[in-house]
Amino acid sequence: MKLRILLCVCMLILSGCVENSIVDDIQMVTVIGYEKTDDGKLKGIAVAPQFQANGNVENSVFVETAQISKEIRSQFNTESPKPLVSGKLQLAIYSKKIAEEDGIMELTDTLQRDPSIGSRTFLAVSNSDPEAMLRTNFGNVDTGHYIHSILEHNSKYGMLPETNLHNFFYYYFSEGNDPFLPLIDLEEDKVKITGLVLLKKDKMVSELPADDLFTFKILYENFSSNDSYTTDLGGGDHASIYNIASKRDIDLKKIKKNKITINGKVLGVIKEYTGEELNTKVKEKIEKDMEEEVEKKGREMIEKFQEEGIDPLGLGNAVRSVTRGKFDYDEWKQRYTDIDIKFNMEVVITESGVIE
Amino acid sequence: MSGAEVKEQHKISPFLVFYLVHTMQIGVGVMGFQRIVAKEAGNDAWISVLLAGISLHIVIFLMYKILLKENGDIIAVHKRLFGKWIGGLLSWVLIIYFIAMSLTVLRTYIEVVQVWMFPDLNKWIFGFVFLLLVYYCLSGGFKVVTGISFFGVVLPFYLLLTMAFPLYHGHFKDLLPILNHSASELYAGAKAGALPYLGFSTLLIYFPFIKDPAKSHRWAQGGHLLTIFIYVIVMIATITFFSANQLEKTVWATLTTWKIAEMPFVERFEYIGIATWALVVLPNICITVWAGGRGIRRLINVKQRTITIPLLILILIVNSLLTRRENIDMLNSSISNIGFYMIFVYIPLLFIFQLVLYKVRKQS
């Protein structure tokens, strides 16, 4: 009996023995941005939404400049009326300058080290000034959530490959892969995905325009998407296919002879066709035109990767998975630039809509 | 020597050994054992884990052989084989090992809570409350401890389903090429992979508490089989989820995989997972402290109840004195090493020694 009373007393007393965080008394940062000032210092921007009683959302923006990133974090708290917490962080944005000159690893390392930050946090590189982007009012929404949603639905259903914190570190640490991040831009009062930033380790080396995302995604992974792809048939005619399901297969049978073949197979449905009649012949032509177009783009892309010595497609890891014995990455990196990589496409149009 | 015989009403059914063995194996080790195995065996680490598991089936078999021949616990075996003094010394070593193990489990769990959830958690208060709970369980005797271990297996079992998240995001290419490591690398991996399995050696103490012990053998093996299954799945999920160098930097790989989990009702799964883990840790500490107390009771003439409280206070004090990560790491690895040699060297030696001695005595 005494023990039970003691237990009850303990429960009452001990309930307050760690620091608690009441939602109304903290500021949850949803997005942080980093950029480099002209004198070489680092500028950090954090946005924390404040939900008002009348349903409005007010975004408080904190901007601080410091020599190192750790300092910025403590400086944020000096200008915030409530303690800032990072458990709800959804997105980290880096300016292009940082990605090109310094690399993003130093700034990303804290995100990975902090157990309160989830692995699904997105990373992005911004073409425009991150401060301007995060100061923009995107309507009655939380800025972090707004930009995060744009990236999320595009990588779930669209043409953007998945690029979250975990993926970045997987590729960063994997020697047979190089990471890539989405490139975003502020266009008036909207945020737009304008392409993909290709990194070597953690430094940006080149970028892909948004038009190439479809080709990149075919080369990169199996996917199904609700986005459409439009192909030019010549003579002013266009056809657009959607409900795309794509399968990629890396053929490594001839890797000993330095040959890799990537086979992509796309299944799709015609959504729009500007020509006269859509018969089997036309369909075949659409398939063929699209095959040629994507193949051409893809080959150029692969050549570019080889020139830059980057491997966002993970071919190194794929070759490792079929190589017995210890895999020598240094040798592979030298070999990579002159491997003969072929890319073949097959497009199959399964349906042409509900009308003939 | 006292209290060798156990009253019938204190004994447990043979099938409950399944839970006792299994719960002791799944402890704090599963939160981060992957890194150590993968360091040796790379992408074949899961084979190492599997091999280590299979070899432990044999060790359990040997344990049963030894204990069935004696029809008593390890302390009785020690006394018969080595006499009162040397046998007693060996038993004390075993007891200290069990107590150190409960200390390790408690301290590691508190470390995880401190790092992942509440950095300002007070070790003294948390340890005190937790050990109070342990005392509450222990005061009910071995039957209650068995009951706790039953719940310690069944209630947190759903956590296995969370491995679906890393498997969903996994790169299965990382498993290939299979068997790409040399036998010595696989062995080194298996040696590291055996560590999380250890802990079932408490069987040596609670053996006389089992009704019809011969029947419980297959349940013990069954419990171990379930552990192998869980560890191999966790290992495969981890290898596919992390790239090799990334895993090397991840201290608690299992907890880190939870960071990717996405559920509509909860933003971050670790908080649920780590809280549930208290249920896994509780029977671990209960059984080891019980085994330590039981051992002491068998060696010197005291009541187990009176020895439990000083034991718990000792654990609380040492637990709170360990503050640095390195100390905790050292404690973990030394306990694992001792356990490893006990299981793979001492038990087989004991088995042979017993066999020879019985033959010699029969002839004379």
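Helices, here and below, are DSSP runs of H or I with at least four residues, strands are runs of E with at least two, and both are numbered from the N terminus. The model is predicted, so that local features need pLDDT of at least 70 and side-chain atom pairs count only at pLDDT 80 or more, while totals for chains, interfaces and linings use all residues. Residues are numbered from 1 along each chain as its sequence is written, and chains are lettered from A and ligands numbered from 1 in the order in which they are written.

**View 1. Chain B as a whole.** Chain B holds 15 helices and 0 strands. Its C-alpha atoms fill a box of roughly 65 × 45 × 35 Å along the principal axes. A compact globule of 364 residues would have a radius of gyration near 21 Å, and the 20 Å of chain B agrees with this; the radius is taken over C-alpha atoms, and the globule rule is 2.2 Å times the number of residues to the power 0.38. Of the 364 residues of chain B, 49% count as buried, a residue being buried if 20 or more other C-beta atoms, placed from the backbone, lie within 10 Å of its own.

**View 2. Helices α1 and α10 of chain B.** Helix α1(B) (residues 17–25) packs against helix α10(B) (residues 213–241) at an angle of about 35°, with their axes 7 Å apart; axes are lines fitted to C-alpha atoms over the stretch in contact, and angles run from 0 to 180 degrees between N-to-C directions. Among the residues that make the contact are F18(B) and H22(B) of α1(B) and W219(B) and L226(B) of α10(B), where contact requires C-beta atoms, placed from the backbone, within 7 Å of each other. The residues of this contact divide into 7 nonpolar, 7 polar and no charged; Ala, Val, Leu, Ile, Met, Phe, Trp, Tyr, Cys and Pro count as nonpolar, Asp, Glu, Lys and Arg as charged, and the others, Gly among them, as polar.

**View 3. The side of chain B that touches chain A.** The contact takes 22 residues from each of chain B and chain A. On the side of chain B, two or more residues come from each of α4 (74–116), α5 (123–138) and α11 (244–248), and α5(B) gives the most, with 4 residues.

**View 4. The two domains of chain A.** An automatic or database assignment sets the domain bounds, giving domain 1 (24–209) and domain 2 (221–356) in chain A. In chain A, 14 residues of domain 1 are in contact with 15 residues of domain 2.

Note on methods
Buried ≥ 20, exposed ≤ 12 C-beta atoms within 10 Å, placed from the backbone.
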